[in-house]
Each structure stands twice: as structure tokens, then as C-alpha cells.
Amino acid sequence: MNYQILLIEDDPIFTFLLEKGIKHAQLKGETINFTNGKPAIEYLNNEYSNDKNYIIFLDLNMPVMNGWEFMDQLETFASTNNCMVFVLTSSAYQQDIDRLKKKPLVADFVTKPITEFLLKGIKDSIEAKFEQNQTI
């Protein structure tokens, strides 16, 4: 199954490592990079379709439009049926985790650096969700 994978991250080194990890975990799909939430939400406003599955790796702390602002806008049109957000952050504040758990589009909260083991677990949860939705 193919996905559209959006990497919304302002750290180029982390983006590079995440791309390598995604390939190694064999998560198939077109990968598009954004350095903050503003161009990413503009892209999704124009391109979002219920016929595609979206995997979004989202950094919380970015310039211009941070992850929280991005999520607020994404929630106005995206569906949990075809969109999964994996929040990436270097700080694991309990208040952030609690706030994220209340957001239906957020599939998981991932503390940087992300490992190959974590990516394989993410791949498994993505495949389980979207394969389940296909059989309905």
C-alpha cells in the first residue's frame, strides 16, 4: 500500500536521518519535506483527498508555523480514516503528551532521536490501520 508521507521538520540532519529510516523500514510512498507547518498546511489545503492515505511526521517546535498551529488547521478538514500524525519532539513534557493524546489525528508521540525499532513499530501501526479501513 502506498502513502503520501509528509515530513514537517526544520532540522535538515534529522530530516535526512528520518528519510533514511523510512526507506530502511520499507514504508512505501511519496515523501515530501517541509521546514515548517505553513507550506505543509497550504499543500494539504490544495491537495488533500479522501482517496489518499497521509502519514505525517510533525515536529512541534518550528519557526513560522509550529506543530500545534499546524494541527489546529489540519483538524478542520482531515479525517482519521486516512490521516495519521506522528509527533516528533526532543522534549517529552507530560503536558504536551497529555494534550496530544486528546487529538484524534495523532497516532503517536515520538521522542527524538527516532530509532529503526520505533520506525518499524510505526510502520506496523500504519499498515494495521489502513488495511483495516480497506476491509470495511
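Tyr48 counts as buried, with a relative accessibility of 17%, where buried denotes under 20% relative accessible area, exposed over 50% and partly exposed in between (1.4 Å probe, protein chains only). Phe77, at 27% relative accessibility, counts as partly exposed. The model is a predicted one, in which local features need pLDDT of at least 70 and side-chain atom pairs count only at pLDDT 80 or more, while totals for chains, interfaces and linings use all residues. Residues are numbered from 1 along each chain as its sequence is written, and side-chain values use heavy atoms, with hydrogens and water left out.

The structure holds five aromatic pairs; rings of Phe, Tyr and Trp (its six-membered ring) pair if their centres lie within 6.5 Å, and planes under 30 degrees apart count as stacked, over 60 as edge-to-face and the rest as tilted. The ring centres of Tyr48 and Phe77 are 5.4 Å apart and the planes stand at 75 degrees, so this pair is edge-to-face. Tyr48 lies in the loop between helix H2 (37-47) and strand E3 (54-59), and Phe77 in the loop between helix H3 (67-74) and strand E4 (83-89), so the pair ties together parts 29 residues apart in sequence. Helices (H or I, at least four residues) and strands (E, at least two) are DSSP runs, numbered from the N terminus. Ring pairs link Tyr48, Tyr54 and Phe77 into a cluster.

Five strands form an open sheet with parallel pairing, in the order E2-E1-E3-E4-E5; two strands pair if DSSP finds at least two bridges between them. E4 and E5 run parallel and are joined by five bridges. Phe86 stands opposite Asp108 in E5.
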